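The following exercises are intended for a reader who is new to this structure.

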Amino acid sequence: MLSPYRILDLSDERANLTGLLLAQLGAEVIAVEPADGTRSRRIGPFVNDEQNIDSSLTHWAWNRGKKSVTGDVSDIQRLARTADVIVDCGVFKNLDLAALRAENPSLITITLSAFGSTGPKSDWLATDLTLLASGGQLGLTGDPDRAPLQVGAVPQGWLHGALEAAEATTIALVERSKSGWGQHIDVSAQQAVTQCTQTMLMTTAVGAPLVARAGGGIKAGEYVLRTVYPASDGYVSINFMFGEMIGPYSRRLMEWVFDEGFCDEATRDQNWIDFFMLIYTGQADPKGLSGAQDSIAAFTATKTKAELMAGNEERRLLIAPIATTKDIVGSEHLAARGFFEDVPEVGCVFPGRFAKATVPLTYLGPPPQLGQHTDEVTATLERRPVAPPPVEPAPTRRPLEGLKVLDFTWAIAAPMATRNLADHGATVVRIESEGRMDVIRNAGPFVNDETHPDNTAQYHSANAGKYLLSLDLSNQAAMAVVWDLVEWADVIIEAFTPKAMANWGLDYQSIRERKPEIVMLSSCLMGQTGPMNMYPGFGNLAGALSGFYEITGWPDRAPTGPFLAYTDYTAPRFTVTALMAAVDHRNRTGEGVYVDLSQHESALHLLGPALLDQAVNGRTATRSGNVSDRYDIHGVYPTVGDDKWIAIVCQDETAQQRLSELIGSTQLDDSVIAEWTSSQDRFELQDLLQSHGIAAHVVVDSADALADPQLAHRNHFRRVPQTYSGETCIEGSHYQMSRTPSEALWGGPPIGEHTFEVLNEMLGYSSDKIADLAAAEALY
């Protein structure tokens, strides 16, 4: 899809993933490395644990199929004249990206930095751990009686920024295909990490209570909904929750628990759909929750993960195995979908293409040896970027204005993707019905702590800037409206389980027959094919299936998993990246594209080195608290105040020596550091450590984030109008485009807010026709 383009990848392990995704989409990606190789080549694990610049599995994971060129700034300047895109994260000092764009006006440059290129923290030191602290994810993960926890095995902080860089690149390429102009994109890793809080970083901004970490569970008011349960051979994650959508699954689970003799009839027959409402109205005993969870745990401990999954399919439950890297590499589902790809040149399998498409993503060869392609690339200095003549004056409107998107998504993962399209100017029409309201409308934080389906900031943020049309899709008159919208749309995105769209006659083949140029993407947990394609569930279950639960926790305790629904936070970036590549391809060729995006498969790229370690060395990743394979001093330590913490990492020997001098001790273990930090103000300590060249950041909660001068500088929390609330707060874009900035215009709309506007102004329906639809009960 991106085969015409040349990308210069100047990055290291912080942004190598960006280039990998663009290479999978067909771009020529040239990794420009210093003479001694980029830093990722020196980061373990290594093949057979033998350190060599060409055998780092961290480097292998994110550099397949790239061309390696060694050079310096002068070499980059020559190559930049040939390039369409440059991805930079600061490896080469004194590189003037603005000068490169001046010489090549169609050049798109992307900088990934810790906090953004400007602002009070723009020059702060950061590592993956301190980024997780600064973006709020760290403070929400882990057991409440211990320090907050990282997602282990493979450091995650920078990777969220790398995903944003890939997304932003494809949006900029779509815009350039019309304007002919390049621009600069400034990506903040801190802001990218905030997505992992599922808008809980906004609680203070909207007048809702703070959210606290709950170990292997979810806080619901004063209660903890447990999500991690023992199995006889490991652990599983279970959604034992309530309400119209999930309550029936919980009821069926308790029937199984009863059948196996682990609860009584009264527990089995409890009203699990309305259970929380019954508690709050005094009609049910809150002890019934802990009692039921204990019964479930006693039951699951007698079954293997495989036995529980067999029952999950038979009884239609919400259970997922907490998979290890060994489980993932041996997955029958992934094998059936051909996800892992054999690379015979290096003798192992790699995580494969992050999506499937009718215009296939590219099979990539082995990771390159250092400087392997220097002569080949140097011989192509006459190449010129693939861009149309620039229009005058250079446009400054939002980059996707004119793109029309029909949105059949729900919950968080896919709606966050279409929210990004709306931010960047696309006209997004979202279909929802009052009879099957989006589950996220019942999830907080609620504005001013008032529970109402039109008053949740989570929904407001995930659906900002969209138009909402309310239809009853079981009504034939409504389906006629949907087909008119199909004719109107350039892009369709849906997030139901496979076969749902086919049941409405809205599968890709049916749509393609009427509109062959359509771009359509289907997003679900496990993909459209394979033995688990019909697996129902949410991002927390996909996080367990994808290995993130097993590696998050303390070695002496059960895994906790990351906060809430981890793959729901990674999937939107993959979705937008694939979708925009498809749109760019369609714009150039006229050929429509269908994309099958699996949350599970795409997320596995964030664990690439650990999966390669399993495949090559047979080593299974597991949880290790906040220990790091890269740094000796790497932890989260208490400070003055209740549950107040600071993340500290000595990123080199100099930083370690300076910390030793500050503490006044040559013995630097966690207990010594914790004793020193526990009597100090966390913000003063943060500033002290940064001023001494030591990477550190307070572990922020919502109140801290709202007061963060860097997030304020980046306009992260944005006040926008919202019909029910009057005004709400949403989170802003995580990257800034220099020429075509994004803008969110309003918070997620109430049911039916734009029905007349969509039907009349976009589809051209008369008032009489709209009245007929209302009379036919096709509208809500």
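The exercises below concern a predicted model, and each is followed by a worked solution.

**Exercise 1. Describe the second largest pocket by its volume, its lining and the classes of its residues.**

Solution. 
- Step 1. Begin with the volume: the second largest pocket holds about 920 Å³ of space.
- Step 2. Turn to the lining, which consists of 39 residues. Those that lie nearest the centre of this pocket are R14, C89, G90, V91 and K93.
- Step 3. Identify the contributing elements. Two or more residues of the lining are given by α4 (97-103) and by β5 (108-113).
- Step 4. Sort the lining of the second largest pocket by class: 15 residues are nonpolar, eleven are polar and 13 are charged.

**Exercise 2. State how many cavities of 30 Å³ or more are counted, and characterise the largest cavity.**

Solution. 
- Step 1. The count of cavities of 30 Å³ or more comes to five.
- Step 2. For the largest cavity, the volume is about 190 Å³. This cavity is lined by 19 residues, and Q195, M416, R419, E731 and H734 are the closest to its centre.
- Step 3. Locate the helices that take part. At least two lining residues each are supplied by α6 (157-179), α16 (413-423) and α22 (566-589). The largest share belongs to α16, with four residues.
- Step 4. By class, the lining of the largest cavity comprises four nonpolar, nine polar and six charged residues.

**Exercise 3. Determine the volume of the second largest cavity and the classes of the residues in its lining.**

Solution. 
- Step 1. The space within the second largest cavity is about 80 Å³.
- Step 2. Its lining has 16 residues, of which G215, G217, P562, F563 and L564 lie closest to the centre.
- Step 3. The lining of the second largest cavity divides into seven nonpolar and nine polar residues, with no charged residue.

**Exercise 4. Decide whether helix α24 is mostly covered or mostly uncovered, and name the elements against which its buried residues pack.**

Solution. 
- Step 1. A residue is taken as buried when its relative accessible area is under 20%. Seven of the ten residues of α24 (residues 608-617) are buried, and the helix is mostly covered.
- Step 2. The buried residues of α24 are G608, P609, A610, L611, L612, D613 and Q614.
- Step 3. These buried residues pack against α2 (57-63), α13 (325-329) and β13 (348-350).
- Step 4. Finally, inspect the residue that follows α24: this is G618, with a positive phi near 70°.

How values were computed
Residues numbered from 1 in each chain as written. Predicted model: local features only at pLDDT ≥ 70, side-chain atom pairs only at ≥ 80, totals over all residues. Heavy atoms only, no water. 1 Å grid on protein atoms, 1.4 Å probe; cavity = no way out; pocket = protein on both sides within 12 Å on 5 of 7 lines; lining within 4 Å. Points joined across faces, edges and corners; volume = space filled by probe spheres on them. Nonpolar A, V, L, I, M, F, W, Y, C, P; charged D, E, K, R; others polar. Buried < 20%, exposed > 50% of the residue type's maximum accessible area, 1.4 Å probe, protein only. Contact = heavy atoms within 4.5 Å.
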